[in-house]
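Please look over the model shown here. The report that follows covers its chains, domains and helix packing.

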There are 2 protein chains.
Amino acid sequence: MPVKPGPKRSLSEEAIVGAALKLLGERGGDAVSMRSIAGEVGVAPNAIYTYFPDKAAVLRAVVDRLVGEQSLDVFADRTVPWRRRIQEVALGLRARLLDHPGATRLLLGAPMDGPKALEFGERLLDVLAEAGLSEEDAARASYTLIVYLLGSIALEAAELDPAKPAPPEEERVAERRKGFEAVPAQAFPRTAASADVMAAYISTDQFLWGLERLVDGLVRG
Amino acid sequence: MPVKPGPKRSLSEEAIVGAALKLLGERGGDAVSMRSIAGEVGVAPNAIYTYFPDKAAVLRAVVDRLVGEQSLDVFADRTVPWRRRIQEVALGLRARLLDHPGATRLLLGAPMDGPKALEFGERLLDVLAEAGLSEEDAARASYTLIVYLLGSIALEAAELDPAKPAPPEEERVAERRKGFEAVPAQAFPRTAASADVMAAYISTDQFLWGLERLVDGLVRG
DNA sequence: CCCTGAGTCTGTACGCTGTACAGAGATCGA
DNA sequence: TCGATCTCTGTACAGCGTACAGACTCAGGG
C-alpha cells in the first residue's frame, strides 16, 4: 500500500460530524450548512468535500453518530427480561434523537445504513433470537420494530421546531391539545371525542403503549 | 361579511397544489421550487404567497391532496372483514405515496393535519371501533397504525431516487441485496445470514407481514 | 538533495433557492 | 368617480450546494 503524499490533513471526518452535530443542537437543523460547518471547524467550505462527497453524506454520518451514541450494552444484559431490554434501548434512542429535533428529519431521508446502525440491527437480531423467533421472523420483526421506532420519533419530531431544543413533554402535549380543540365535532365526532388521547400521542406513554402491542404481535406469530 | 374588492384571482390553491404535484411526479422532489411551481401555472414566483404563507404550507397541502386521493369507501364496506379493509386502504396509500418518492420526504416533515388526513383518521377510528376497541384504545391504535404506515413508506422511499419514478419492486429488492452482500459476515453474522430477508424489507410482502402482526397486537390487548 | 506528483486546502464563481419590499394594475363599494 | 383593497410583477437580498482552477505541502524515487 503506497502511502499517499500531500500535507497532513487538518481535519477529520469526526471533527466535521462533531461540528455539524454541535450546530444541530445549538442552532437547529436549518443552521447546518456546508458553510456553517466549515466555519465551525475553521476551514473553507469546499474543504469538507475532501472528506465527504456531498452534504447528504455528512448528514448520514451525523445520523450514524447519533445512533452510535446509544449504548447497546442493555441488549446483552441477560439478567433483564428481553422485552424490557428492547424497551430501554428504544426509549434511549428516542430520547437521544428527540434531543436533536433537526436530526430526525434526516433520519428518514437517508435510511440507517451506517456502521453503527448495522451494529444496532445485529444486536436487535440477537435479542429477537433469544426471544425465540426463527431467523426469518427475527429479521422481519427487527425491521418492523425499526419502522415503528423511526416512525414514532419522526412524527413526534415533526411537531417540534427544528430550530429549538425540545420543550418538556407536558408542554408539547398541551400545545397539541389546543390544535384538537379546533376540530369540528359534527364532522369528526370520534376525533373530537378522543382529543385528549390524541394530544397525548406525542408522549412516552403512547410510545411505550404502541411498542408493547407491536412486540406482542411479533412474538405471538 | 364585507366582500373583498380587488381583481379576480387568476389562480387557486388547487391549481398551485396541482402544479406542484405534477412537478413532483415528473421531475422529482428537488424540482419542486416556488419558481418552478409559479412557472408551471404561468405566474411570477411571489404570486404564490398570495395563496400560501410559505413553501412549507404548499407542501403540506400537496401531502393532504395525496392522502385525499386514496378513497376511503373501502373503510365503510361492511361486507369485507375489517382487517382486510385496513389492509386495502393501507396498501392503497402506500402505492399512492411510493408513486411520488419525492412526496414522502415531506410526509414526515410536517405531520398529516390537513382536512383529508383528519377524514382518514376519523374513518380509521370507525373501523377500529367496529373491531371492538374501546374509544381510548381505538385512538391509540389508530396512531400506532399511522406510525407504522408512514414509517414503512418513508423507509421504503428513502431507498428511492426522489428525482425518478419508482422502479418495479423486484428491481428494488435486487438492488438492496447487493448492498447486504457487502456486510462482513464475521462482525455481523445474523445480518449477513438474513441478507435475503433484509433485502426484501422493501416489499409489499414485508409491509403486509408487519401490518398483520401489528394489528394482531393491537386487538389482542 | 531536489524533483515530481499526489493530495489538501483556498478563492472565486455559477446557478439556484425562499422570500421581503415596493409598486402597478384591476376591481369593488360608496 | 373616488378611494380602498386586493392581486400580481419586478427587483433584490442573502444564503445555499458545489464545480473549477490553482496554490501550498509534503512523501518517495532519482
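How are α12(A) and α12(B) oriented to each other: roughly parallel or roughly perpendicular? This is a predicted model. In it, the axes of α12(A) and helix α12 of chain B (residues 204–220) lie 7 Å apart and pack at an angle of about 115°. Angles of 65 to 115 degrees count as roughly perpendicular. The two helices, α12(A) and α12(B), are therefore roughly perpendicular to each other. Their crossing is right-handed.

By class, the contact of α12(A) with α12(B) holds six nonpolar, two polar and six charged residues.

**The chain interface**

The interface between the chains involves 55 residues of chain A and 55 residues of chain B. Chain A and chain B bury about 4800 Å² between them. Carbon and sulfur atoms carry 64% of that area. On the side of chain A, R140(A), Y143(A) and L155(A) supply 15% of the area buried against chain B, more than any other three residues.

**Chain A: fold and domains**

Chain A has 12 helices and zero strands. Its C-alpha trace spans about 70 × 45 × 30 Å along the principal axes. The chain is divided into domain 1 (10–52) and domain 2 (53–220). The C-alpha centres of domain 1 and domain 2 of chain A lie 27 Å apart. Their contact takes 19 residues from domain 1 of chain A and 16 residues from domain 2 of chain A.

These two domains of chain A bury about 1400 Å² between them, with 74% of it on carbon and sulfur atoms. Which three residues supply 40% of the area that domain 1 of chain A buries against domain 2 of chain A? They are L21(A), L24(A) and F52(A), and they supply more than any other three residues.

**Helix packing within the chains**

In chain A, helix α8 (residues 135–158) packs with helix α12 (residues 204–220). Their axes come within 11 Å and cross at roughly 165°. Angles over 145 degrees count as roughly antiparallel, so α8(A) is roughly antiparallel to α12(A). This crossing of α8(A) and α12(A) is right-handed. From α8(A), the contact residues are A141(A), T144(A), L145(A), Y148(A), L149(A), S152(A) and E156(A). From α12(A), they are Q206(A), F207(A), G210(A), L211(A), L214(A), V215(A) and L218(A). The contact of α8(A) with α12(A) has nine nonpolar, four polar and one charged residue.

In chain B, helix α3 (residues 55–69) and helix α6 (residues 101–109) have axes that come within 9 Å and cross at roughly 110°. That makes α3(B) roughly perpendicular to α6(B). L59(B), V63(B) and L66(B) of α3(B) meet A103(B), L106(B) and L107(B) of α6(B). This contact of α3(B) with α6(B) has six nonpolar residues, no polar and no charged.

The helix pairs, side by side:

| Helix pair | Axis distance | Crossing angle |
|---|---|---|
| α12(A) and α12(B) | 7 Å apart | about 115° |
| α8(A) and α12(A) | within 11 Å | roughly 165° |
| α3(B) and α6(B) | within 9 Å | roughly 110° |

How values were computed. Residues are numbered from 1 along each chain as its sequence is written. Chains are lettered from A and ligands numbered from 1 in the order in which they are written. This is a predicted model: local features need pLDDT of at least 70, side-chain atom pairs count only at pLDDT 80 or more; totals for chains, interfaces and linings use all residues. Side-chain values use heavy atoms; hydrogens and water are left out. Axes are lines fitted to C-alpha atoms, for helices over the stretch in contact, and angles run from 0 to 180 degrees between N-to-C directions. Helices (H or I, at least four residues) and strands (E, at least two) are DSSP runs, numbered from the N terminus. Angles under 35 degrees count as roughly parallel, over 145 as roughly antiparallel, 65 to 115 as roughly perpendicular and the rest as oblique. A crossing is left-handed if the near helix is turned anticlockwise from the far one by less than a right angle, and right-handed if clockwise. Contact means heavy atoms within 4.5 Å. Ala, Val, Leu, Ile, Met, Phe, Trp, Tyr, Cys and Pro count as nonpolar, Asp, Glu, Lys and Arg as charged, and the others, Gly among them, as polar. Domain bounds come from an automatic or database domain assignment. Buried area is the accessible area (1.4 Å probe) that two parts lose on being put together, summed over both.
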